[in-house]
Amino acid sequence: MTIDLRGLVPAPVTPFTRDGDIDVDAIHRLGGWLAGVDGVKGLVVLGHAGEGTFLTQDEQARVISAFREAVNDNLPIIAGITGEGNKVAALEAERAAAAGATAGLVYPSHGWLRFGYQKGAPQTRYRDIYEASGLPLILFQYPDVTKATYDLETQLEIAGQEGVFATKNGVRNMRRWDTEIPVLRATYPELQILTCHDEYLLHTMFDVDGALVGYGGLAPEPLVELIAAGKAGDYPAARAIHDRLLPVTKNVYHRGSHMEGTVALKEGLVARGILEHATVRQPLLPLDPGAGDEIALALTSADLGSVTVPA
């Protein structure tokens, strides 16, 4: 595979107009800004942070093409593939490729979150999506608390399939992380290992090639520094960046629901001068009054102020 995601891969939000439509101009501002940050290696759109499952098929295609325009084809655009069932997901991947996606991040079939998966079923999902679309694919490891988390055998078999070039790991069980990541690394040295532990980045930063995180769509500058410190094995430097970001981390991700983080990311982007408002699509709801001010204060304390957005 020729896609190099060894660095920061933000998963940006999807901006809406105040009327709730896709805001292409705001996508161009957001994507252009992220593309201009040295160390950003690609963008993942239509994920959890991007409210991808809340969009129509036409809107999903529009978001992909708008972000591709925003980065002037200088960065790969990876599309979240979230459809339930192999056939539906394969068709979604075909549409993503036609809209300009460079690769796909494959979510588990969402019924597995509650009921679990049959042995061998996840492998067929990746195979069918790749055969239909030709998109290079990223293995997505869900949290250990869900029934959609893959055991090590399943991860290894998916990672060995044609078309799979990276893994986004969000297991959120450090016992599993510390035992499974070294096996993946030893078995497939070329597999790009990316953490997606937005709220646990410090622990995971020393074992990975990069980070694929929604957090990167709000605070890319210090996260690029954090990745560099992790690769250098410089714990004091990494710890200092972690501590600097902790007020932001608390205000964005230490909430009752991880989905609230999407709303908080938009509030943060308002504070940074990239978005004009934090409109989300239901079932997401606005944060409590005053939350935007608290997020703005946390960003200021982390030296993350307003940025100049490309015209």
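Me: What makes strands E3 and E4 a pair, and how do they run?
Reply: Two strands pair if DSSP finds at least two bridges between them. Four bridges join E3 (residues 77-81) to E4, and the two run parallel, so they meet the definition. Within E4, Leu 105 is the bridge partner of Gly 80. Strands are DSSP runs of E with at least two residues and helices runs of H or I with at least four, numbered from the N terminus. This is a predicted model, in which local features need pLDDT of at least 70, side-chain atom pairs count only at pLDDT 80 or more, and totals for chains, interfaces and linings use all residues. Residues are numbered from 1 along each chain as its sequence is written, and side-chain values use heavy atoms, without hydrogens and water.

Me: How do you know that both faces of strand E4 are covered?
Reply: In E4 (residues 103-106), Ala 103 and Leu 105 on one side and Gly 104 and Val 106 on the other are all buried. Buried means under 20% relative accessible area, exposed over 50%, partly exposed in between (1.4 Å probe, protein chains only).

Me: Why is the pair of Trp 112 and Tyr 150 called edge-to-face?
Reply: Rings of Phe, Tyr and Trp (its six-membered ring) pair if their centres lie within 6.5 Å; planes under 30 degrees apart count as stacked, over 60 as edge-to-face and the rest as tilted. Trp 112 and Tyr 150 lie 6.5 Å centre to centre with 70 degrees between the planes, and therefore the pair counts as edge-to-face. Trp 112 in helix H4 and Tyr 150 in the loop between E5 and helix H6 are 38 residues apart.
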